[in-house]
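Dear colleague,

I am passing on the structure we spoke about, together with some notes on its strands, helices and ring contacts. Please look through it first and then read on.

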Amino acid sequence: MEFNDSLSIGMDDLSRDNDLEIPEVLPMMAVRDVVIFNYMIIPLFVGRPGSVEAVNDALNSDKLLMLVTQRDATKDNPVPDDLYDVGMVCMIMRTLKLPDGRLKVLVQAMSKARIEKYVRTEPSYQVSIKVVEDEEASEISVEMEALMRTVREQTEKIMSLRGILSADLMMIINNIEDPGRLADLIGSNLRLKISESQSILEEVNPVKRLRLVNSLLSKELEVSTVQAKIQNDAKEEMSKSQREYILREQMHALQKELGDADERTQEIEELEHKLKKTKMAKSIRKETRKQIRRMEMMHPDSSEATIIRTYIDWILDLPWKKSTRDQLDLKEAKQVLDEDHFGLDRVKERILEFLAVRKLNQSTKGPILCFVGPPGVGKTSLGQAIARAMGRKFHRMSLGGMRDEAEIRGHRRTYIGAMPGRIIQGLKTVKSNNPVFMMDEIDKIGADYRGDPSSALLEVLDPEQNVEFSDHYMNLPFDLSKVMFITTANIADTIPGPLYDRMEVIHLAGYTLEEKLVIANRYLLPRQVRENGLKKGQLRIDDATITQIITHYTREAGLRNLEREIGKICRKIARKIAEGGSGPYTLSGRNIEKYLGPPKTIPEEMESLDQPGLVTGLAWTEYGGEILHIEINLMPGKGKLIMTGQLGEVMKESAQAALTYCRSRSTDLPVKEDFFDTTDIHIHVPAGAIPKDGPSAGITIATALYSAITGKKVRKDIAMTGEVTLRGRVLPIGGLKEKALAALRVNLTNVIIPEQNKKDLVEIPEDVRKRMTFYPVKDMDQVITLAFGKTQKSGRRKK
């Protein structure tokens, strides 16, 4: 049996039915830690099986239940000897079944009774009882009035000492004139032992019962007075601790005068000395000194002192006015850039321009560059090379998947475990206020309920605002204008517009075969030989073998897979040497498959494309340029247009526009008038598992459709890219450099491009332009002429 012994126990002043007939035999339930008095209404939590059975028995009859108190509250299954004989007959007023199987029962005490005999002990107790009537109180004498007044006053004092004095309860106590009722009410609200409460219950004489309560009150008043004194002494002890703290601080001052400083004083002095040596603005120095004074006034073991000490350390560790000296020798800087990276002339030119301006104007602000290009083209390593060329520190942080604004601005110091943002952390790490700060994957930054990191970056990457960048944790302005920020991205489309507008975007396209060959010989092969523990001369690979690796085992804009394949070869050579081989080992086209397995990418057979309805197009992806084959088949039907190959909405619209163009030229085609109404057209782009979208395949689809309708074959040595309109005009496209490199990778040297893209040819490397022929066109008529020209038979390129 369990119960709630707090404020849920009370007295009921409502009148009870005096004519209630109480049976001689009733179900009985034992209660723990509480003695129930007359007129009480009390909630009980019933959990023991026997007790639940007794409650159910009472509910099934007249709702009367005999409640007696256990002598030992620790026993879960009490026997009759463990129970008091006198208890209360109670009426069950309300029951509630709880989710854990227990019952919550609200009962009202009706009459005092004594157990005469145990009729049944299993599964629940059933007892024979005899009602115990209290003696009638005599007329209230002066002595009785004095006793009742004493009891009320002592009760008020005890409740006041305990801090639970209630005006409502005191009003009830003062209004009770019956000594028995008064004894029961006070006895039920005192924290008495079970035996003491039971003695009050068993006393039938109301005057004697009140005297017993009075004696217990006197004892309880003494206990409560001592308890209050103990609590008061504890408060005085706290005041004493505060006095000791003040005295201790005075003692520290005396020790300082005597030259005998303690650890705390030494700590403060070290912070003061560090503050004096650190260069910072006056306002920041003033705030730091204020925080040191606050920490000095606090107890060393307090949590607030630890937080302030951490904050002071952050302030003193930041490079407020600590810079590295820029390497302004342009020739040396160019030499360093050329040593680390081959090609990338546009990026190198921009860095040298900045150094030239820096040489002429020392107060110029750091540029904010954004390198956009496919994976593996060297965006991150280029940032490291820039730092080395300029003689600056380098720090890199990744923004990919970041969703919390506090990662940029930091947490406010009110939070537990607060820290500055990644910007301030990076500056503390490099100990310089003008490093090259690289933020990778800015196109993959996210946002959620914790804030938008891209919005927080607007202040960081704005030269007009980052002069006084405020981190939430530091809450002090830090000048970021000297930092050279470099961000990287695979695609620019997912970068938020306001953020994109603040950066100088430099596009890095993929490498040509010749560039990859040079980079492999100059950088990748030596690095893998060194990292795999080989010595110079133990591995020999000629240019033809490296070229075969590039063309048959990788197809990418960057160099990551190429370096993996070279590393795979080096590991196999390292194993042979570790097993006792001496080398040198020579790789050639004959034994390359022994090290790398069968070729992963086989150059496409252009002969298979020598069919009507098949045309080679060019596409741009975040990983560089790709070849796109368009296939079209015609079949008898009802004029339906079928498109397959996971085409996006824009590409489907391009197909519709191409079909409209061909239908508008139906009079020039060798077909019947009802051809488009009786023929189904199926457009398919292979590699169906890969989604494809964009308008640049417009002229490719139109040419393939024209080829399928006329039955003419398109030149197999030509590729094309461009957007087509309903009238047959050819509109410009993007990513021309990447597309040109993709065509060159498969030996397609003739490319049809929009007339308006002629200006973009300067971005293509000169050696690539010399090897390829580009045909600028304005409309589809020119595309058709080129695609079905006489050069198809002779194989000569059109000049």
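In this predicted model, strand β3 pairs with strand β5 (residues 64–69) in the parallel sense over four bridges, where strands are DSSP runs of E of at least two residues and helices are runs of H or I of at least four, both numbered from the N terminus, and where two strands pair if DSSP finds at least two bridges between them. Within this pairing, Met 29 stands opposite Leu 67 in β5. Four bridges also join β3 to strand β8 (residues 125–131), the two running antiparallel, and here Pro 27 stands opposite Gln 126 in β8. Six of the seven residues of β3 (residues 25–31) are buried, so the strand is largely enclosed by the rest of the structure; buried means under 20% relative accessible area, exposed over 50%, and partly exposed in between, with a 1.4 Å probe and protein chains only.

Before going further, the conventions: residues are numbered from 1 along each chain as its sequence is written, and side-chain values use heavy atoms, with hydrogens and water left out. Because the model is predicted, local features need pLDDT of at least 70 and side-chain atom pairs count only at pLDDT 80 or more, whereas totals for chains, interfaces and linings use all residues.

An open sheet of five strands has the order β10-β11-β14-β9-β15, with parallel pairing. Its edge strands, each pairing on one side only, are β10 (394–398) and β15 (504–507), and neighbouring strands are turned by 20° against each other on average, direction ignored. Axes are lines fitted to C-alpha atoms, for helices over the stretch in contact, and angles run from 0 to 180 degrees between N-to-C directions. Helix α11 (residues 345–360) lies across β9 (368–372), β14 and β15, running at about 150° to β15, while helix α12 (residues 379–390) lies across β9, β10, β11 and β14, at about 175° to β11; contact here means heavy atoms within 4.5 Å.

Inside this sheet, β11 (residues 436–440) and β14 (residues 484–489) pair in the parallel sense over four bridges, and the bridge partner of Phe 437 in β14 is Phe 485. The structure holds six aromatic pairs, counted when ring centres of Phe, Tyr or Trp (its six-membered ring) lie within 6.5 Å, with planes under 30 degrees apart taken as stacked, over 60 as edge-to-face and the rest as tilted. Phe 437 and Phe 485 form one that is tilted, at 5.6 Å centre to centre and 45° between the planes, and this pair links parts of the chain 48 residues apart. Both Phe 437 and Phe 485 are buried.

Turning to the helices, α2 (residues 142–162) and α3 (residues 167–175) pack at an angle of about 170°, with their axes 11 Å apart. The two are therefore roughly antiparallel, the classes being under 35 degrees for roughly parallel, over 145 for roughly antiparallel, 65 to 115 for roughly perpendicular and oblique for the rest. Arg 152, Thr 155, Glu 156 and Met 159 in α2 meet Leu 169, Met 170, Ile 173 and Asn 174 in α3.

Leu 210, found in helix α6 (residues 206–258), counts as buried at 0% relative accessibility. Leaving aside residues up to four places away in sequence, Leu 210 touches residues including Met 144, Leu 147 and Leu 182.

Best regards
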